[in-house]
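The model is shown first.

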Amino acid sequence: MPPNALTSIRHKLGDASDCSGRFLWGAAAGVSLGDLLRSTSLGGRLPELSGRSVLLATRDQLATALALIELDGVAGRLVISAPDLSSEHLPSVIAKAGVDAIVSDHDAHDHRAVGGRLLFISTLDLVPAKREKIEHRPTEWVLLTSGTTGAPKMLVHTLKSLAAPIDLGRNLGTDVVWGTFYDIRRYGGLQIFLRALLGQGSLVLSGAAESTADYLMRLGVHAATHISGTPSHWRRVLMSPQAGAIAPHYIRLSGELVDQAILNTLGSSYPRAAISHAFASTEAGVAFEVNDGLEGFPASVVGASGEVEIKIDDGSLRIRSARNALGYLGGNNGVLADDEGFVDTGDVVELRGGRYHFLGRRNGVINVGGLKVYPEEVEAVINRHPAVRMSMVWSRKNPITGSLVSADVVLKGETDQRRESSQIADFKREILRICQQNLAAHKVPATIRCVPKLDVAAAGKMIRHYA
Amino acid sequence: MSIRSTVTSLIQQIAEETHKDLPSLTDDFVLLDSGLDSLAIAIVVTRLEDTLGLDPFTESDDTAYPVTLGDFIRFYENAAKCSDVYSAQTG
(Lines give C-alpha, C1' and ligand atoms only; values in the text may rest on other atoms or scores of the structure.)
Protein backbone atom coordinates (compact mmCIF):
# COMPACT_ATOMS: atom_id res chain seq x y z
CA MET A 1 0.00 0.00 0.00
CA PRO A 2 1.53 3.37 -0.93
CA PRO A 3 1.47 5.95 1.90
CA ASN A 4 -1.10 7.97 -0.07
CA ALA A 5 -3.64 5.19 0.35
CA LEU A 6 -3.18 5.19 4.13
CA THR A 7 -6.37 6.76 5.45
CA SER A 8 -6.42 5.49 9.04
CA ILE A 9 -4.88 2.83 11.26
CA ARG A 10 -8.18 0.97 11.43
CA HIS A 11 -8.51 0.99 7.67
CA LYS A 12 -5.02 -0.50 7.34
CA LEU A 13 -5.81 -3.20 9.92
CA GLY A 14 -8.74 -4.31 7.78
CA ASP A 15 -11.13 -6.91 9.17
CA ALA A 16 -10.83 -8.79 12.43
CA SER A 17 -10.04 -11.93 10.44
CA ASP A 18 -6.96 -10.19 8.96
CA CYS A 19 -5.57 -9.63 12.45
CA SER A 20 -5.71 -13.10 13.92
CA GLY A 21 -2.74 -13.95 16.10
CA ARG A 22 -1.79 -10.31 16.59
CA PHE A 23 -1.78 -8.74 20.06
CA LEU A 24 -1.11 -5.61 22.05
CA TRP A 25 0.23 -6.51 25.48
CA GLY A 26 0.32 -4.00 28.34
CA ALA A 27 1.74 -4.46 31.84
CA ALA A 28 -1.62 -5.58 33.26
CA ALA A 29 -3.53 -6.99 30.30
CA GLY A 30 -3.33 -8.06 26.68
CA VAL A 31 -5.76 -7.45 23.83
CA SER A 32 -6.04 -9.31 20.56
CA LEU A 33 -6.28 -6.95 17.60
CA GLY A 34 -9.09 -9.09 16.21
CA ASP A 35 -11.14 -8.58 19.41
CA LEU A 36 -10.34 -4.89 19.40
CA LEU A 37 -11.80 -4.45 15.94
CA ARG A 38 -15.06 -6.01 17.12
CA SER A 39 -15.30 -3.96 20.32
CA THR A 40 -14.65 -0.61 21.94
CA SER A 41 -12.64 0.73 24.86
CA LEU A 42 -14.69 3.94 24.78
CA GLY A 43 -18.06 2.57 25.85
CA GLY A 44 -19.43 2.60 22.32
CA ARG A 45 -19.52 6.40 22.22
CA LEU A 46 -17.15 6.74 19.29
CA PRO A 47 -19.64 8.55 16.98
CA GLU A 48 -19.86 11.38 19.54
CA LEU A 49 -16.13 12.00 19.05
CA SER A 50 -16.35 12.31 15.29
CA GLY A 51 -14.60 15.45 14.08
CA ARG A 52 -13.79 16.69 17.58
CA SER A 53 -10.51 17.95 18.99
CA VAL A 54 -9.77 15.21 21.50
CA LEU A 55 -7.21 15.35 24.31
CA LEU A 56 -5.89 11.86 24.98
CA ALA A 57 -5.11 12.03 28.70
CA THR A 58 -4.74 8.30 29.32
CA ARG A 59 -1.96 7.19 31.69
CA ASP A 60 -1.71 3.52 30.79
CA GLN A 61 0.10 2.77 27.53
CA LEU A 62 -2.29 0.00 26.48
CA ALA A 63 -5.27 2.31 27.08
CA THR A 64 -3.47 4.93 24.98
CA ALA A 65 -2.85 2.42 22.18
CA LEU A 66 -6.49 1.27 22.10
CA ALA A 67 -7.79 4.84 22.03
CA LEU A 68 -5.36 5.82 19.25
CA ILE A 69 -6.58 2.94 17.08
CA GLU A 70 -10.24 3.81 17.68
CA LEU A 71 -9.86 7.56 17.29
CA ASP A 72 -7.52 7.85 14.31
CA GLY A 73 -9.65 8.62 11.29
CA VAL A 74 -12.59 9.61 13.52
CA ALA A 75 -11.40 12.56 15.62
CA GLY A 76 -10.61 15.79 13.82
CA ARG A 77 -7.58 16.31 16.02
CA LEU A 78 -5.87 14.02 18.52
CA VAL A 79 -3.79 15.80 21.15
CA ILE A 80 -1.55 13.23 22.82
CA SER A 81 -0.69 14.24 26.35
CA ALA A 82 3.00 13.64 27.08
CA PRO A 83 3.82 11.54 30.16
CA ASP A 84 5.40 14.55 31.88
CA LEU A 85 2.79 17.18 31.01
CA SER A 86 2.20 19.14 34.24
CA SER A 87 -1.28 20.19 35.31
CA GLU A 88 0.03 23.77 35.25
CA HIS A 89 0.37 23.64 31.44
CA LEU A 90 -2.76 21.59 30.75
CA PRO A 91 -5.21 24.53 30.42
CA SER A 92 -3.04 26.28 27.80
CA VAL A 93 -2.64 23.02 25.82
CA ILE A 94 -6.43 22.61 25.85
CA ALA A 95 -7.02 26.19 24.80
CA LYS A 96 -4.43 26.22 22.00
CA ALA A 97 -5.72 22.96 20.53
CA GLY A 98 -9.38 23.91 20.88
CA VAL A 99 -9.98 20.68 22.80
CA ASP A 100 -13.67 19.88 23.16
CA ALA A 101 -13.48 16.28 24.40
CA ILE A 102 -11.16 14.44 26.78
CA VAL A 103 -10.45 10.72 26.80
CA SER A 104 -8.98 9.44 30.03
CA ASP A 105 -8.49 6.15 31.85
CA HIS A 106 -8.61 7.52 35.39
CA ASP A 107 -11.10 9.43 37.50
CA ALA A 108 -8.81 12.02 39.04
CA HIS A 109 -9.31 15.10 36.90
CA ASP A 110 -8.49 18.68 37.03
CA HIS A 111 -12.03 20.02 36.91
CA ARG A 112 -10.86 23.33 35.56
CA ALA A 113 -9.44 21.46 32.57
CA VAL A 114 -12.55 19.38 31.97
CA GLY A 115 -14.84 22.42 32.17
CA GLY A 116 -17.87 21.84 30.01
CA ARG A 117 -16.01 19.42 27.72
CA LEU A 118 -17.13 15.90 26.99
CA LEU A 119 -15.32 13.38 29.17
CA PHE A 120 -14.86 9.76 28.12
CA ILE A 121 -13.45 7.17 30.48
CA SER A 122 -11.71 4.42 28.54
CA THR A 123 -11.47 0.90 29.87
CA LEU A 124 -9.29 -2.13 29.17
CA ASP A 125 -12.41 -4.33 29.62
CA LEU A 126 -13.51 -4.10 26.00
CA VAL A 127 -17.22 -4.00 25.27
CA PRO A 128 -18.45 -5.70 22.09
CA ALA A 129 -19.53 -3.04 19.65
CA LYS A 130 -21.21 -3.07 16.30
CA ARG A 131 -18.93 -1.10 14.08
CA GLU A 132 -20.98 1.69 12.65
CA LYS A 133 -19.94 2.98 9.29
CA ILE A 134 -17.90 6.08 10.02
CA GLU A 135 -16.56 8.26 7.27
CA HIS A 136 -12.78 8.13 7.77
CA ARG A 137 -11.21 11.56 7.80
CA PRO A 138 -7.52 12.48 8.05
CA THR A 139 -6.95 13.12 11.75
CA GLU A 140 -4.42 15.71 12.85
CA TRP A 141 -2.04 14.26 15.46
CA VAL A 142 -0.61 16.76 17.92
CA LEU A 143 2.51 15.69 19.82
CA LEU A 144 3.95 17.58 22.77
CA THR A 145 7.65 18.15 23.29
CA SER A 146 9.39 20.23 25.93
CA GLY A 147 10.03 23.92 25.32
CA THR A 148 12.49 26.50 26.69
CA THR A 149 10.32 27.75 29.52
CA GLY A 150 8.87 24.40 30.51
CA ALA A 151 5.65 25.02 28.53
CA PRO A 152 5.33 22.29 25.90
CA LYS A 153 5.67 22.92 22.18
CA MET A 154 2.82 21.40 20.20
CA LEU A 155 3.71 19.81 16.88
CA VAL A 156 1.22 18.86 14.21
CA HIS A 157 1.65 15.58 12.35
CA THR A 158 -0.67 13.39 10.32
CA LEU A 159 -0.75 9.60 10.07
CA LYS A 160 0.90 10.12 6.70
CA SER A 161 3.85 12.12 8.05
CA LEU A 162 4.23 9.74 11.01
CA ALA A 163 4.11 6.65 8.80
CA ALA A 164 6.30 8.12 6.03
CA PRO A 165 9.50 6.49 7.40
CA ILE A 166 7.82 3.06 7.47
CA ASP A 167 8.03 0.80 4.43
CA LEU A 168 4.40 -0.29 4.25
CA GLY A 169 5.06 -2.65 1.38
CA ARG A 170 7.55 -4.71 3.38
CA ASN A 171 5.96 -7.60 5.23
CA LEU A 172 8.09 -8.63 8.19
CA GLY A 173 5.60 -11.40 8.98
CA THR A 174 3.18 -12.03 11.81
CA ASP A 175 5.97 -13.48 13.96
CA VAL A 176 7.37 -10.02 14.48
CA VAL A 177 6.85 -8.86 18.05
CA TRP A 178 7.90 -5.30 18.74
CA GLY A 179 8.90 -3.89 22.09
CA THR A 180 9.91 -0.39 23.05
CA PHE A 181 11.33 1.17 26.18
CA TYR A 182 9.85 4.45 24.97
CA ASP A 183 6.44 5.69 25.91
CA ILE A 184 4.22 5.59 22.83
CA ARG A 185 3.03 9.11 23.64
CA ARG A 186 6.41 10.36 22.41
CA TYR A 187 7.60 10.35 18.79
CA GLY A 188 10.12 7.50 19.28
CA GLY A 189 7.54 5.20 20.86
CA LEU A 190 4.83 6.19 18.41
CA GLN A 191 7.10 5.08 15.55
CA ILE A 192 7.28 1.59 17.06
CA PHE A 193 3.52 1.50 17.76
CA LEU A 194 2.90 2.33 14.09
CA ARG A 195 5.53 -0.13 12.82
CA ALA A 196 3.80 -2.90 14.77
CA LEU A 197 0.27 -1.96 13.70
CA LEU A 198 0.82 -0.94 10.09
CA GLY A 199 3.06 -3.96 9.58
CA GLN A 200 1.91 -7.44 10.51
CA GLY A 201 3.25 -7.60 14.03
CA SER A 202 2.32 -7.50 17.70
CA LEU A 203 3.58 -5.11 20.38
CA VAL A 204 4.61 -5.38 24.02
CA LEU A 205 4.15 -2.08 25.88
CA SER A 206 5.87 -1.19 29.15
CA GLY A 207 4.01 -0.19 32.31
CA ALA A 208 4.50 3.19 33.97
CA ALA A 209 5.69 1.69 37.26
CA GLU A 210 7.29 -1.40 35.75
CA SER A 211 11.00 -2.03 36.39
CA THR A 212 13.39 -2.69 33.51
CA ALA A 213 13.83 -6.26 34.81
CA ASP A 214 10.06 -6.94 34.82
CA TYR A 215 9.59 -5.48 31.34
CA LEU A 216 12.52 -7.56 30.04
CA MET A 217 10.89 -10.68 31.44
CA ARG A 218 7.62 -9.87 29.65
CA LEU A 219 9.51 -9.15 26.41
CA GLY A 220 11.11 -12.57 26.84
CA VAL A 221 7.77 -14.31 27.54
CA HIS A 222 6.26 -12.85 24.35
CA ALA A 223 9.46 -13.63 22.40
CA ALA A 224 9.96 -10.02 21.28
CA THR A 225 11.99 -9.88 18.08
CA HIS A 226 12.32 -6.13 17.41
CA ILE A 227 13.17 -3.86 20.36
CA SER A 228 13.81 -0.13 20.44
CA GLY A 229 15.04 2.36 22.98
CA THR A 230 17.50 5.14 23.66
CA PRO A 231 21.16 4.29 24.37
CA SER A 232 20.33 5.02 28.03
CA HIS A 233 17.48 2.50 27.98
CA TRP A 234 19.87 -0.07 26.51
CA ARG A 235 22.54 0.63 29.12
CA ARG A 236 19.87 0.02 31.74
CA VAL A 237 19.11 -3.31 30.03
CA LEU A 238 22.78 -4.30 30.12
CA MET A 239 22.92 -3.46 33.84
CA SER A 240 19.88 -5.61 34.58
CA PRO A 241 20.12 -9.21 35.83
CA GLN A 242 17.35 -9.97 33.26
CA ALA A 243 19.39 -8.81 30.24
CA GLY A 244 19.49 -12.45 29.12
CA ALA A 245 15.67 -12.76 29.10
CA ILE A 246 15.52 -11.30 25.57
CA ALA A 247 17.01 -12.55 22.31
CA PRO A 248 16.09 -9.88 19.76
CA HIS A 249 16.70 -10.14 16.01
CA TYR A 250 16.69 -6.38 15.66
CA ILE A 251 17.81 -3.65 18.04
CA ARG A 252 17.06 -0.03 17.30
CA LEU A 253 18.57 2.95 19.09
CA SER A 254 17.45 6.56 18.79
CA GLY A 255 16.69 9.70 20.75
CA GLU A 256 20.21 10.31 21.99
CA LEU A 257 23.78 10.40 20.79
CA VAL A 258 24.89 6.83 20.07
CA ASP A 259 28.49 6.00 20.95
CA GLN A 260 30.70 3.16 19.78
CA ALA A 261 30.78 1.55 23.25
CA ILE A 262 27.03 0.90 23.36
CA LEU A 263 27.01 -0.40 19.76
CA ASN A 264 29.88 -2.80 20.51
CA THR A 265 28.49 -3.98 23.82
CA LEU A 266 25.04 -4.64 22.36
CA GLY A 267 26.71 -6.49 19.48
CA SER A 268 28.57 -8.82 21.82
CA SER A 269 25.62 -9.25 24.22
CA TYR A 270 23.08 -9.99 21.44
CA PRO A 271 25.12 -11.55 18.64
CA ARG A 272 21.99 -12.55 16.65
CA ALA A 273 20.67 -9.01 16.45
CA ALA A 274 20.98 -6.54 13.60
CA ILE A 275 21.72 -3.21 15.27
CA SER A 276 20.53 0.04 13.81
CA HIS A 277 20.62 3.60 15.09
CA ALA A 278 18.23 6.22 13.82
CA PHE A 279 18.36 9.97 13.92
CA ALA A 280 14.91 11.39 14.56
CA SER A 281 13.13 14.23 16.32
CA THR A 282 9.48 15.12 16.84
CA GLU A 283 10.01 18.18 14.64
CA ALA A 284 11.97 16.64 11.75
CA GLY A 285 10.73 13.03 11.93
CA VAL A 286 13.06 10.11 11.19
CA ALA A 287 15.92 11.48 9.08
CA PHE A 288 18.06 8.40 8.55
CA GLU A 289 19.10 5.05 9.93
CA VAL A 290 22.67 3.83 10.27
CA ASN A 291 23.21 0.09 9.93
CA ASP A 292 26.99 -0.31 9.63
CA GLY A 293 27.63 -0.68 13.37
CA LEU A 294 29.60 2.55 13.63
CA GLU A 295 28.84 5.73 15.57
CA GLY A 296 28.08 8.92 13.66
CA PHE A 297 26.85 8.72 10.08
CA PRO A 298 28.47 8.49 6.62
CA ALA A 299 29.14 11.80 4.88
CA SER A 300 27.32 10.43 1.81
CA VAL A 301 23.99 10.94 3.65
CA VAL A 302 24.38 14.70 3.30
CA GLY A 303 23.28 16.18 -0.01
CA ALA A 304 22.00 12.88 -1.39
CA SER A 305 18.73 13.07 -3.26
CA GLY A 306 15.82 10.95 -2.13
CA GLU A 307 12.85 10.97 0.18
CA VAL A 308 14.81 12.79 2.86
CA GLU A 309 17.12 15.68 2.01
CA ILE A 310 19.82 16.57 4.48
CA LYS A 311 22.05 19.60 4.51
CA ILE A 312 24.44 21.17 6.95
CA ASP A 313 24.18 24.88 7.32
CA ASP A 314 26.09 26.93 9.85
CA GLY A 315 27.31 23.67 11.41
CA SER A 316 23.92 22.15 12.18
CA LEU A 317 21.93 19.39 10.59
CA ARG A 318 18.85 20.41 8.58
CA ILE A 319 16.21 18.06 7.23
CA ARG A 320 13.52 18.34 4.57
CA SER A 321 11.11 15.47 3.99
CA ALA A 322 7.47 14.36 4.07
CA ARG A 323 8.29 13.06 7.57
CA ASN A 324 8.70 16.58 8.99
CA ALA A 325 5.96 17.86 11.28
CA LEU A 326 3.56 20.17 9.45
CA GLY A 327 4.17 22.98 11.92
CA TYR A 328 3.62 24.23 15.43
CA LEU A 329 0.21 24.72 16.93
CA GLY A 330 -0.43 27.85 18.91
CA GLY A 331 1.73 30.28 16.98
CA ASN A 332 4.14 31.46 19.71
CA ASN A 333 6.83 28.92 18.99
CA GLY A 334 8.28 30.47 15.87
CA VAL A 335 8.62 28.86 12.49
CA LEU A 336 9.40 25.17 12.16
CA ALA A 337 11.06 25.17 8.73
CA ASP A 338 13.09 27.71 6.73
CA ASP A 339 11.93 29.21 3.41
CA GLU A 340 13.04 26.10 1.55
CA GLY A 341 11.24 23.75 3.93
CA PHE A 342 14.28 22.54 5.89
CA VAL A 343 13.89 21.97 9.63
CA ASP A 344 16.96 22.99 11.67
CA THR A 345 17.50 20.22 14.21
CA GLY A 346 19.92 22.39 16.23
CA ASP A 347 22.31 19.40 16.35
CA VAL A 348 25.85 20.51 15.61
CA VAL A 349 27.94 18.02 13.64
CA GLU A 350 31.58 17.76 12.66
CA LEU A 351 33.12 15.86 9.72
CA ARG A 352 35.97 13.52 10.75
CA GLY A 353 37.37 10.81 8.47
CA GLY A 354 34.41 10.60 6.09
CA ARG A 355 31.80 10.48 8.88
CA TYR A 356 29.82 13.11 10.66
CA HIS A 357 29.81 13.07 14.45
CA PHE A 358 27.43 14.89 16.77
CA LEU A 359 29.02 17.55 18.96
CA GLY A 360 25.97 18.74 20.90
CA ARG A 361 23.08 21.14 20.63
CA ARG A 362 23.43 24.69 19.41
CA ASN A 363 21.04 26.09 22.02
CA GLY A 364 22.78 24.21 24.85
CA VAL A 365 19.88 21.76 25.30
CA ILE A 366 20.99 18.85 27.45
CA ASN A 367 19.74 15.35 26.61
CA VAL A 368 19.49 13.33 29.83
CA GLY A 369 18.60 9.77 28.87
CA GLY A 370 16.42 11.01 25.99
CA LEU A 371 14.74 13.81 27.98
CA LYS A 372 15.47 17.38 26.95
CA VAL A 373 16.60 19.96 29.50
CA TYR A 374 16.77 23.64 28.59
CA PRO A 375 19.60 25.28 30.59
CA GLU A 376 17.64 28.52 30.98
CA GLU A 377 14.90 26.79 32.96
CA VAL A 378 17.39 25.34 35.46
CA GLU A 379 19.39 28.59 35.69
CA ALA A 380 16.22 30.53 36.54
CA VAL A 381 15.60 28.21 39.50
CA ILE A 382 19.22 28.33 40.72
CA ASN A 383 19.18 32.13 40.52
CA ARG A 384 16.36 32.23 43.08
CA HIS A 385 18.93 31.52 45.81
CA PRO A 386 19.72 34.90 47.41
CA ALA A 387 23.49 34.32 47.40
CA VAL A 388 23.66 33.54 43.65
CA ARG A 389 24.75 36.31 41.29
CA MET A 390 24.53 34.24 38.11
CA SER A 391 24.70 30.66 36.96
CA MET A 392 25.37 28.67 33.85
CA VAL A 393 24.02 25.19 33.29
CA TRP A 394 25.91 22.89 30.94
CA SER A 395 25.88 19.36 29.64
CA ARG A 396 28.35 16.95 31.19
CA LYS A 397 28.98 13.68 29.37
CA ASN A 398 27.89 10.58 31.22
CA PRO A 399 28.29 6.91 30.31
CA ILE A 400 24.91 5.92 31.81
CA THR A 401 22.47 8.64 30.73
CA GLY A 402 24.51 10.17 27.87
CA SER A 403 24.57 13.53 29.61
CA LEU A 404 23.88 15.04 33.01
CA VAL A 405 23.04 18.56 34.07
CA SER A 406 25.92 20.46 35.69
CA ALA A 407 25.87 23.97 37.05
CA ASP A 408 28.54 26.65 37.46
CA VAL A 409 27.51 29.26 39.99
CA VAL A 410 28.94 32.71 40.73
CA LEU A 411 28.14 33.84 44.26
CA LYS A 412 27.43 37.44 45.22
CA GLY A 413 29.91 39.52 47.18
CA GLU A 414 33.36 38.17 47.96
CA THR A 415 35.03 35.75 45.61
CA ASP A 416 34.43 32.17 46.57
CA GLN A 417 38.06 31.60 47.59
CA ARG A 418 37.52 33.87 50.57
CA ARG A 419 34.44 32.06 51.79
CA GLU A 420 34.58 29.29 54.31
CA SER A 421 34.32 25.96 52.53
CA SER A 422 31.56 24.92 54.94
CA GLN A 423 29.53 27.95 53.86
CA ILE A 424 29.98 27.00 50.21
CA ALA A 425 28.87 23.44 50.97
CA ASP A 426 25.76 24.87 52.68
CA PHE A 427 24.96 27.04 49.64
CA LYS A 428 25.34 24.07 47.31
CA ARG A 429 22.99 22.00 49.49
CA GLU A 430 20.44 24.84 49.51
CA ILE A 431 20.66 25.32 45.73
CA LEU A 432 20.17 21.59 45.28
CA ARG A 433 17.11 21.68 47.54
CA ILE A 434 15.55 24.58 45.60
CA CYS A 435 16.13 22.66 42.35
CA GLN A 436 14.65 19.43 43.74
CA GLN A 437 11.56 21.31 44.89
CA ASN A 438 10.99 23.02 41.55
CA LEU A 439 12.32 20.77 38.81
CA ALA A 440 11.87 17.23 37.54
CA ALA A 441 14.62 14.90 38.80
CA HIS A 442 16.52 14.76 35.48
CA LYS A 443 16.75 18.60 35.45
CA VAL A 444 18.35 18.86 38.91
CA PRO A 445 22.11 19.52 38.59
CA ALA A 446 24.19 16.42 39.34
CA THR A 447 27.18 18.57 40.19
CA ILE A 448 27.40 22.21 41.24
CA ARG A 449 30.66 24.17 41.10
CA CYS A 450 31.21 27.62 42.56
CA VAL A 451 33.32 29.62 40.10
CA PRO A 452 34.68 33.18 40.33
CA LYS A 453 33.23 34.25 36.96
CA LEU A 454 31.45 33.06 33.81
CA ASP A 455 32.34 33.81 30.20
CA VAL A 456 30.07 36.55 28.92
CA ALA A 457 30.07 37.61 25.27
CA ALA A 458 30.18 41.26 24.21
CA ALA A 459 26.41 41.34 23.75
CA GLY A 460 25.98 40.33 27.41
CA LYS A 461 24.96 36.74 26.71
CA MET A 462 26.70 33.89 28.42
CA ILE A 463 28.91 31.82 26.17
CA ARG A 464 27.60 28.28 26.08
CA HIS A 465 29.88 25.46 25.08
CA TYR A 466 28.84 22.23 23.40
CA ALA A 467 28.62 19.04 25.47
CA MET B 1 39.85 5.62 51.68
CA SER B 2 39.49 2.36 49.72
CA ILE B 3 37.60 2.27 46.44
CA ARG B 4 34.96 0.10 48.12
CA SER B 5 34.25 2.60 50.86
CA THR B 6 34.36 5.56 48.44
CA VAL B 7 31.75 3.85 46.25
CA THR B 8 29.42 2.84 49.08
CA SER B 9 29.58 6.20 50.84
CA LEU B 10 28.83 8.01 47.56
CA ILE B 11 25.86 5.74 46.90
CA GLN B 12 24.54 6.47 50.38
CA GLN B 13 25.11 10.20 49.94
CA ILE B 14 23.17 10.26 46.65
CA ALA B 15 20.36 8.13 48.06
CA GLU B 16 20.09 10.68 50.88
CA GLU B 17 20.12 13.66 48.49
CA THR B 18 17.42 12.09 46.33
CA HIS B 19 15.40 10.90 49.36
CA LYS B 20 15.60 7.21 48.59
CA ASP B 21 15.76 4.41 51.15
CA LEU B 22 18.30 1.75 50.38
CA PRO B 23 18.60 -1.76 51.76
CA SER B 24 21.99 -2.70 53.21
CA LEU B 25 24.75 -2.47 50.63
CA THR B 26 25.94 -6.02 50.08
CA ASP B 27 27.89 -7.26 47.05
CA ASP B 28 24.84 -8.95 45.50
CA PHE B 29 22.81 -5.72 45.69
CA VAL B 30 21.45 -5.21 42.15
CA LEU B 31 22.21 -1.59 41.32
CA LEU B 32 19.08 -0.78 39.33
CA ASP B 33 16.61 -2.86 41.34
CA SER B 34 16.96 -1.42 44.78
CA GLY B 35 15.58 2.08 44.75
CA LEU B 36 18.40 3.70 42.80
CA ASP B 37 17.32 4.59 39.28
CA SER B 38 19.68 5.03 36.34
CA LEU B 39 19.79 8.79 36.97
CA ALA B 40 21.11 8.14 40.49
CA ILE B 41 23.68 5.66 39.15
CA ALA B 42 24.70 8.23 36.53
CA ILE B 43 25.32 10.77 39.32
CA VAL B 44 27.34 8.19 41.29
CA VAL B 45 29.52 7.61 38.21
CA THR B 46 30.08 11.34 37.71
CA ARG B 47 31.02 11.97 41.35
CA LEU B 48 33.34 8.94 41.29
CA GLU B 49 35.07 10.42 38.27
CA ASP B 50 35.59 13.63 40.27
CA THR B 51 36.76 11.78 43.41
CA LEU B 52 38.85 8.94 41.96
CA GLY B 53 39.73 10.42 38.57
CA LEU B 54 38.40 7.23 36.95
CA ASP B 55 35.61 6.53 34.48
CA PRO B 56 35.93 2.84 33.59
CA PHE B 57 32.79 3.02 31.42
CA THR B 58 34.41 5.22 28.80
CA GLU B 59 37.90 3.75 28.97
CA SER B 60 36.93 0.82 26.79
CA ASP B 61 34.82 0.55 23.64
CA ASP B 62 33.35 -2.77 24.72
CA THR B 63 32.21 -2.60 28.29
CA ALA B 64 30.64 -5.39 30.31
CA TYR B 65 28.17 -3.33 32.26
CA PRO B 66 28.12 -4.04 36.02
CA VAL B 67 24.90 -5.52 37.36
CA THR B 68 25.55 -5.87 41.10
CA LEU B 69 27.32 -3.62 43.57
CA GLY B 70 30.12 -6.23 43.71
CA ASP B 71 30.59 -5.98 39.90
CA PHE B 72 30.53 -2.21 40.13
CA ILE B 73 33.24 -2.05 42.81
CA ARG B 74 35.44 -4.56 40.94
CA PHE B 75 34.93 -2.48 37.77
CA TYR B 76 36.49 0.52 39.52
CA GLU B 77 39.17 -1.54 41.31
CA ASN B 78 40.30 -3.02 37.98
CA ALA B 79 40.32 0.39 36.32
CA ALA B 80 42.43 1.74 39.21
CA LYS B 81 44.91 -1.15 38.79
CA CYS B 82 45.14 -0.52 35.04
CA SER B 83 45.70 3.18 35.55
CA ASP B 84 48.44 2.38 38.17
CA VAL B 85 50.15 0.07 35.68
CA TYR B 86 49.83 2.77 33.03
CA SER B 87 51.34 5.45 35.27
CA ALA B 88 54.14 3.06 36.29
CA GLN B 89 54.96 2.42 32.62
CA THR B 90 54.82 6.02 31.54
CA GLY B 91 55.94 7.70 34.76
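A residue is buried if 20 or more other C-beta atoms lie within 10 Å of its own, exposed if 12 or fewer, and partly exposed in between. The model is a predicted one. By that cut-off A:Val308 is buried, because 20 other C-beta atoms lie within 10 Å.

**Strand residue A:Val308**

A:Val308 belongs to strand β18 of chain A, which covers residues 308-313. Leaving aside neighbours within four places in sequence, the contacts of A:Val308 are A:Ala287, A:Phe288, A:Ile319, A:Ser321 and A:Arg323. For A:Ala287, which is 21 residues away along the chain, the C-alpha separation from A:Val308 is 6.5 Å.

**Nonpolar cores**

In soluble globular proteins, nonpolar side chains tend to be buried together. The largest nonpolar core here has 97 residues, and the members that touch the most others are A:Val79 and A:Val142. Outside four places in sequence, A:Val142 is in contact with A:Arg77, A:Leu78, A:Val79, A:Ile80, A:Ala97, A:Met154, A:Leu155, A:Val156 and A:Leu329. Another core, of 47 residues, lies apart from the largest one; A:Val388, A:Ala446, B:Leu54 and B:Phe72 are among its members.

**Helix pair in chain B**

Two packed helices are described by the angle between their axes and the distance between the axes. In chain B, the axes of α1 (residues 3-17) and α2 (residues 38-52) come within 10 Å and cross at roughly 135 degrees. Angles over 145 degrees count as roughly antiparallel and 65 to 115 as roughly perpendicular, so α1(B) and α2(B) are oblique to each other. Their crossing is right-handed. On the α1(B) side the contact is made by B:Ile3, B:Thr6, B:Val7, B:Leu10, B:Ile11 and B:Ile14, and on the α2(B) side by B:Ala40, B:Ile43, B:Val44, B:Arg47, B:Leu48, B:Thr51 and B:Leu52. Of the residues in this contact, 10 are nonpolar, two polar and one charged.

**Contact between the chains**

How many residues of chain B are in contact with chain A? There are 21, and they meet 27 residues of chain A. Helix α2(B) supplies the largest share of the chain B side, seven residues. That side is made up of 12 nonpolar, four polar and five charged residues.

Helix α2 of chain B also figures in the cover of helix α9 of chain A. Seven of the eight residues of α9(A) (residues 231-238) are buried, so this helix is largely enclosed by the rest of the structure. The buried residues are A:Pro231, A:Ser232, A:His233, A:Trp234, A:Arg235, A:Arg236 and A:Val237. Besides α2 of chain B, their cover includes α8, β13, β14 (250-253), α10 (260-269) and β26 (402-411) of chain A.

Most residues other than glycine have a negative phi.

Notes: Residues are numbered from 1 along each chain as its sequence is written. Chains are lettered from A and ligands numbered from 1 in the order in which they are written. This is a predicted model: local features need pLDDT of at least 70, side-chain atom pairs count only at pLDDT 80 or more; totals for chains, interfaces and linings use all residues. A nonpolar core is a set of buried Ala, Val, Leu, Ile, Met, Phe, Trp, Tyr and Cys residues joined through C-beta atoms within 7 Å. Two residues are in contact if their C-beta atoms, placed from the backbone, lie within 7 Å. Axes are lines fitted to C-alpha atoms, for helices over the stretch in contact, and angles run from 0 to 180 degrees between N-to-C directions. Helices (H or I, at least four residues) and strands (E, at least two) are DSSP runs, numbered from the N terminus. Angles under 35 degrees count as roughly parallel, over 145 as roughly antiparallel, 65 to 115 as roughly perpendicular and the rest as oblique. A crossing is left-handed if the near helix is turned anticlockwise from the far one by less than a right angle, and right-handed if clockwise. Ala, Val, Leu, Ile, Met, Phe, Trp, Tyr, Cys and Pro count as nonpolar, Asp, Glu, Lys and Arg as charged, and the others, Gly among them, as polar.
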